[in-house]
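Please look at the sequence and structure below before reading on.

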Amino acid sequence: MASHPKIVAIGGGKGGVGKSTVSILLAFWFARMGKKTILVDADLGGANLHTFMGIKNPPRTLNDFVTRRYDSLEEICLDTELENLRLIGGASDILSLANIHVSQKAKLIQNLSRLDADYVIIDLGAGTSYNVLDFFLAADKKIVVLIPQPISIQNAYAFIRNTMYRRLSQLVNQKSSLQSLIKTAMDTNNELKVRTVSELLQIVEELNGKEAMSALQGEIRRIQPFVITNMVRTNRDKGAGRVIQMVADKYLMIRSVDLGSIVYEQKLYTTVTEMLPLTSLIQSSEAFASVYGMAVTLLRDD
Ligand SMILES: Nc1ncnc2c1ncn2[C@@H]1O[C@H](COP(=O)(O)OP(=O)(O)O)[C@@H](O)[C@H]1O
Ligand SMILES: [Mg+2]
């Protein structure tokens, strides 16, 4: 029996920061390094991975699984022109990940981890709904993509913050006083004046003791997101991931890993506007080359 694939989820940034591009570039490298890889387009509101991959109308998509037209995800996998790389396409109509039911979510997560692959890379799209956060949290490797602009840094931070609170909320009883404390602390202007996670944990310790507090702290530490800064034009731009790393550590007690940056490359932009597959220019792409080290880091400990 084959072991379960590792799940890599890409999320965090708003539309346009390059989540889909990063998903593809990583998938290409994984496949090229001999890992059986499946790329999943879970951005059901704005699915476009198939276009990037040169497939105009995917005959089967993730929606066909969610709406039960197919029973197994394996059946909706599409071959690509690259060895070791398959695609589960998305479709922009019918539904979004935000709206799928709890039971569908559990089934989907379970089926993803049963796919015949070494790695499953999920492009989560731009949402911050509970479903998106839950997919992100369920992943073995969690990647947040941002671009070197203040608003994007803020969005990435907010996403990590939401993820952290979602995790805390999953861990404590829904009806407990801790649950309402966590809900209150999530509001940045809460009346308890809790501004950082360490302040929150201090209250948890007062209310429920040191053990309860340490357990939550341990879970927060385990989240460990990776951060990628895309569309970098200057040396200064490269520091955006570092900023996230610092503030996430300071305010959220989250230890993130800065995976580095990807250069802005005009021809990448043009491919999409001209509807050319990314595959056509990958060999000569500097952005593609900048992802190599990231792929190596992500694969290193497995
Ligand atoms: N490093 C880059 N250099 C130049 N253009 C890029 C780069 N990364 C992404 N793009 C372009 O930016 C646009 C948005 O990228 P996309 O991956 O679709 O973002 P998202 O999935 O986050 O919405 C696309 O046209 C894409 O080709
Ligand atoms: Mg996208």
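## Strand S6

Strand S6 is mostly covered, with six of its six residues buried. A residue is buried if 20 or more other C-beta atoms lie within 10 Å of its own, exposed if 12 or fewer, and partly exposed in between, with C-beta atoms placed from the backbone. Both faces of S6 are covered: Lys 141, Ile 143 and Val 145 are buried on one side, and Lys 142, Val 144 and Leu 146 on the other.

The model is predicted: local features need pLDDT of at least 70, side-chain atom pairs count only at pLDDT 80 or more, and totals for chains, interfaces and linings use all residues. Residues are numbered from 1 along each chain as its sequence is written, while chains are lettered from A and ligands numbered from 1 in the order in which they are written.

## Neighbours in the sheet

S6 runs parallel to S1, and four bridges join the two; here Val 8 stands opposite Lys 141 in S6. S6 (residues 141-146) also pairs with S7 (residues 226-232) in the parallel sense, over four bridges. In this pairing Val 144 is opposite Val 227 of S7, and Leu 146 is opposite Thr 229 of S7. Two strands pair if DSSP finds at least two bridges between them.

The open sheet has eight strands in the order S3-S4-S2-S5-S1-S6-S7-S8, and its pairing is mixed. At the edges are S3 (78-79) and S8 (257-263), each of which pairs on one side only.

## Helix H1

Helix H1 (residues 19-32) packs on the sheet and touches S1, S2, S4, S5, S6 and S7. Contact between two residues requires their C-beta atoms, placed from the backbone, to lie within 7 Å.

H1 also packs against H13 (residues 286-300) at an angle of about 65°, with the axes 9 Å apart. Axes are lines fitted to C-alpha atoms, for helices over the stretch in contact, and angles run from 0 to 180 degrees between N-to-C directions. Among the residues making this contact are Trp 29 of H1 and Phe 288 of H13.

## The whole chain

The protein chain has 13 helices and eight strands. Helices (H or I, at least four residues) and strands (E, at least two) are DSSP runs, numbered from the N terminus. Of the 302 residues, 44% count as buried. The C-alpha atoms fill a box of roughly 60 × 50 × 35 Å, taken along the principal axes.
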